[in-house]
There are 2 protein chains.
Amino acid sequence: MLRLYDYLSSGNGYKVRLLLSQLGLPFERIDLDLDKGETRTPAFLKLNPNGKIPALQLESGEVLPESDAILFYLAEGTPFLPDDRLERARVLQWMFFEQYSHEPNIAVARFWHMHGEMTEEQKALLPEKHEKGYAALSVMESHLADRPFFVAERYTVADIALYAYTHVAPEGGFDLEPYPALRRWLDRVASQPGYIPITQG
Amino acid sequence: MLRLYDYLSSGNGYKVRLLLSQLGLPFERIDLDLDKGETRTPAFLKLNPNGKIPALQLESGEVLPESDAILFYLAEGTPFLPDDRLERARVLQWMFFEQYSHEPNIAVARFWHMHGEMTEEQKALLPEKHEKGYAALSVMESHLADRPFFVAERYTVADIALYAYTHVAPEGGFDLEPYPALRRWLDRVASQPGYIPITQG
């Protein structure tokens with residue numbers, strides 16, 4: 001059986017859980033507590049030397065880390081990934097946008113909000129996280145103004161990748177009210193067959 | 001003809017230039033000066049709303065941004081991208097590692113070193129950039145200890161993605177002397193057919 005090394009409140013872990021649910025693939029979930037350093041133990045570093053969840057252990061025993069690489073791997077040959085070469089590249093375009101321009105701002109601000117009192121350094125950096133996070137949300141809003149989903153007019157792993165931390169952005173202090181197209185897209189994703197909430201392990 | 005919106009000293013732009021050279025594909029290069037805000041003009045934001053180079057304009061007129069999505073797109077069906085599903089996912093794994101764990105530390109430290117006097121905030125953040133950048137280099141060193149290239153025992157776009165900012169890491173204050181396997185890999189990449197240096201437009 002597939003085994004997912006995960007952390008329940010992680011949006012990166014949630015991406016994989018959500019796709020596995022929508023593909024109807026059974027899996028075993030191993031929860032590692034980031035606050036207790038459980039992704040930095042020698043045993044876990046043997047599985048993923050970069051010390052991060054999620055990491056998916058395949059039936060062969062091989063371990064694949066990086067949430068968006070896992071999504072792409074699981075989605076190949078399914079309706080969640082287009083066959084067209086340029087559309088596949090567009091899926092990757094939005095995944096790299098997510099990991100570079102979105103997650104480091106929105107997910108990190110959320111993490112700081114959720115994990116106890118912020119340090120002085122975090123408080124000093126928060127305005128920049130918000131500024132860059134809102135810039136990413138604005139790029140998404142303008143793209144969604146005349147499209148139902150990010151790529152190929154249908155629900156793909158690009159939507160899963162971006163949904164994960166966008167729908168919980170308010171937990172990082174972001175106000176989604178000024179983004180109506182984005183809020184309609186959030187509803188559209190949440191109404192897909194096999195949808196599960198981030199709180200579901 | 002393909003048109004590449006680029007900036008000569010950008011490692012992200014260099015990735016695409018290097019692959020285009022190795023594929024023997026002719027292209028027109030448009031240099032945008034980041035220091036003069038040329039990626040934030042209304043004309044360029046119409047091409048890439050996220051306001052970043054590189055962005056590749058295809059013969060159809062469509063524009064594909066995100067360096068690693070461009071590499072994947074150009075490499076499909078060529079020896080630079082494996083056909084095997086898991087090996088393709090491994091290429092993406094290292095590309096996402098590059099954009100999340102490597103570039104934001106090593107490339108950003110280099111950018112700060114190269115673009116005039118650092119601000120007080122940059123000086124305060126530099127030790128963390130160095131710590132996280134060295135952690136990424138250590139992950140690469142241990143992976144390369146018994147492998148010639150990152151994936152599938154051969155030169156792929158995963159190597160191009162990681163080479164771009166690793167080989168100029170010393171310009172960001174990184175010492176590569178403690179990473180012998182990584183230095184041998186740098187030499188291996190630089191000896192590939194069609195190789196061009198980052199200084200070549």
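Biologist: In this predicted model, which handedness does the β-α-β unit of β1(A), helix α1 and β2(A) have?

Modeller: Strand β1 of chain A covers residues 2–6 and strand β2 of chain A covers residues 27–31. Helix α1, residues 11–23 of chain A, belongs to the unit together with these two strands. The β-α-β unit that they make is right-handed.

Biologist: Which residue of β2(A) is the bridge partner of Arg3(A)?

Modeller: β1 and β2 of chain A run parallel and are joined by five bridges. In β2(A), Arg3(A) has as its bridge partner Glu28(A).

Biologist: Which element supplies the largest share of the side of chain A that touches chain B?

Modeller: The contact involves 24 residues of chain A and 25 residues of chain B. At least two residues of that side of chain A come from each of β4 (63–65), α3 (67–75), α4 (85–114) and α5 (120–144). The largest share, 11 residues, is supplied by α4(A).

Biologist: How many nonpolar residues does the side of chain A that touches chain B have?

Modeller: By class, this side of chain A holds five polar and five charged residues. Its nonpolar residues number 14.

Biologist: In chain A, which residue has the C-alpha nearest the axis?

Modeller: Chain A is superposed on chain B by a rotation of 180° with 0.0 Å of shift along its axis, at an RMSD of 0.0 Å. The two copies are therefore related as by a two-fold rotation axis. At 3.2 Å from this axis, the nearest C-alpha in chain A is that of Tyr100(A).

How values were computed:
Residues are numbered from 1 along each chain as its sequence is written. Chains are lettered from A and ligands numbered from 1 in the order in which they are written. This is a predicted model: local features need pLDDT of at least 70, side-chain atom pairs count only at pLDDT 80 or more; totals for chains, interfaces and linings use all residues. Copies are superposed by least squares on the C-alpha atoms of residues with pLDDT of at least 70 in both. Two strands pair if DSSP finds at least two bridges between them. Helices (H or I, at least four residues) and strands (E, at least two) are DSSP runs, numbered from the N terminus. A crossover is right-handed if, with the strands pointing away from the viewer, the path from the first strand over the helix to the second runs clockwise. Two residues are in contact if their C-beta atoms, placed from the backbone, lie within 7 Å. Ala, Val, Leu, Ile, Met, Phe, Trp, Tyr, Cys and Pro count as nonpolar, Asp, Glu, Lys and Arg as charged, and the others, Gly among them, as polar.
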